[in-house]
Amino acid sequence: MKAFILKIFLPFLVLAAIFHLLTINALPNVIMSIAMKKISDEGYVTAKNMIEDGTYTTLQSTQTVVDRKGWNASLPSPRATHEQRIVVRSSADLLYSACAYDLSQGPVQVVAPKGSGYASISAFAANTDNFFVMDDRKDRADHLRALFHLPGQSVDDDQSELMKGASVESPSAKGIILVRYLIEDESKLQDYIDQQYEIKCDPV
Amino acid sequence: MRILRYTALVLLALLVGAGSAIMSARSPIDGISNGAWTASTETGSKEADAWTRARIAIQALLAMTSDQTFYYSSHKDSDGNALDASCRYTMSGGGFPTRWWSVTIYDEEYFLIENPQKRYSITAKSLDVDASGHWQTSIHKGQGAGLITPPAGPFNLILRLYNPDAQVLANPASVNVPEIRKESCA
């Protein structure tokens, strides 16, 4: 019995605990990687199809999305319905615009018009941490602005001055930035959609 | 023979270790309990432990920190029984100390539920609220007013408080969250 415990049961418990911890710690990063890939790939495919089909779009950065393979470009999402099965627990009360960012080549700026109700910019690191949020109560400016960069990455005075917004250090090179607009008034839905298409998520 | 035995041991440990981790990540996000609802102040937070972070990743990816949006989650009615699409429920409540609120219904995979009206949530604007701020709605399958469940199986609800007042963050258990009462079951 003692031999069984020492040679079989104890090693089994230790190994199971190690696999448990490895899985628990890996899950957020794996799920975020899948979400980033879906956002960047779908943004790329959508934009590419729109250009090839000659479909008119007000998305100013359509060609830019294609050029960057969907990274560092704002992708306005249609209002969430049961057909959307990318991100869990989406809210149909919100309009989301997603930007899968990659800071390895330099900082990225996000500029979003405020509109008349709740609006926010939130940023999520590769391990899912929500490391930054700014909402429409921040100040009286008509746009929300944030400049994202890595620790040690130079952000010159011109860039900071140009932004006149928050300078935000990202804990990871890649992640997701979301701009949310709350649909407080259904009759103004088109206004919220127009705002979505004005959002910029561009390398500086 | 010995190699086979050790290989089996490692594979079994992998199965148990990884399987228990995934089960843990799929268990409800707990923390503060308030009536039929639970909440975690660590949602999206850098202070969240590995298990909470894994639960957030699976059940509420890209959720914001509590000071921006406070999330109450419910998998049970006010008597503690699991929410079940074969039953009809009445949900009632009042106003909340926040800028804006909504209650959204999800299937067991945490996605929005197909329904003819494409109605996935209720808000103060979509309900009849009386002079005292009280409201009531139903939760059932099929069609009609209220929130629509999946055709069968479990479902869950999220109460979102956008830009919550300081009292929500200070004492989430003190907020008058909605009551969920079972009316009947098929």
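Which residues of helix α4 of chain A are buried? Select residues 189-196 of chain A and you'll have the helix on screen: the buried ones are A:Y192, A:Q195 and A:Q196. Buried here means under 20% relative accessible area, exposed means over 50%, and partly exposed is in between, with a 1.4 Å probe and protein chains only. Those three sit on the same side of α4(A), because they cover an arc of only 105° around the axis; the arc is that of the directions from the helix axis to the C-beta atoms.

Before moving on, some ground rules. This is a predicted model, so to speak of local features takes pLDDT of at least 70, side-chain atom pairs count only at pLDDT 80 or more, and totals for chains, interfaces and linings use all residues. Residues are numbered from 1 along each chain as its sequence is written, chains are lettered from A and ligands numbered from 1 in the order in which they are written, and side-chain values use heavy atoms, with hydrogens and water left out.

**Stop 1: the cover over α4**

Helices (H or I, at least four residues) and strands (E, at least two) are DSSP runs, numbered from the N terminus.

**Stop 2: where the chains meet**

Show both chains. Contact means heavy atoms within 4.5 Å, and 50 residues of chain A are in contact with 59 residues of chain B. Together the chains bury about 4,600 Å², 65% of it on carbon and sulfur atoms; buried area is the accessible area (1.4 Å probe) that two parts lose on being put together, summed over both. Now pick A:H82, A:V88 and A:R89: they supply 19% of the area that chain A buries against chain B, more than any other three residues.

For a view from the other chain, go to B:S24 in helix α1 (residues 2-26) of chain B. B:S24 is buried, at 14% relative accessible area. Setting aside neighbours within four places in sequence, B:S24 is in contact with A:I24, B:W51 and B:R55.

**Stop 3: chain B as a whole**

Chain B has three helices and ten strands, running α-β-β-α-β-β-β-β-β-β-β-α-β from the N terminus on. Its C-alpha atoms fill a box of roughly 75 × 40 × 30 Å along the principal axes. Of its 186 residues, 52% count as buried. Among contacts in chain B with a separation of 6 or more, 74% come from residues 24 or more positions apart.

**Stop 4**

Zoom to B:L62, in the loop between α2 (50-59) and β3 (69-74) of chain B. Phi of B:L62 is near 70°, positive in a residue other than glycine, and B:L62 counts as buried at 4% relative accessibility.

Then jump to B:Y110, in the loop between β5 (98-107) and β6 (121-123) of chain B. B:Y110 also isn't a glycine, yet has a positive phi of about 70°. B:Y110 is buried, with a relative accessible area of 6%.

**Stop 5: a loop proline**

Is B:P154 buried or partly exposed? Find B:P154 in the loop between β8 (147-148) and β9 (155-164) of chain B: at 40% relative accessibility, B:P154 is partly exposed. Apart from neighbours within four places in sequence, B:P154 is in contact with B:L83, B:D107 and B:E108.
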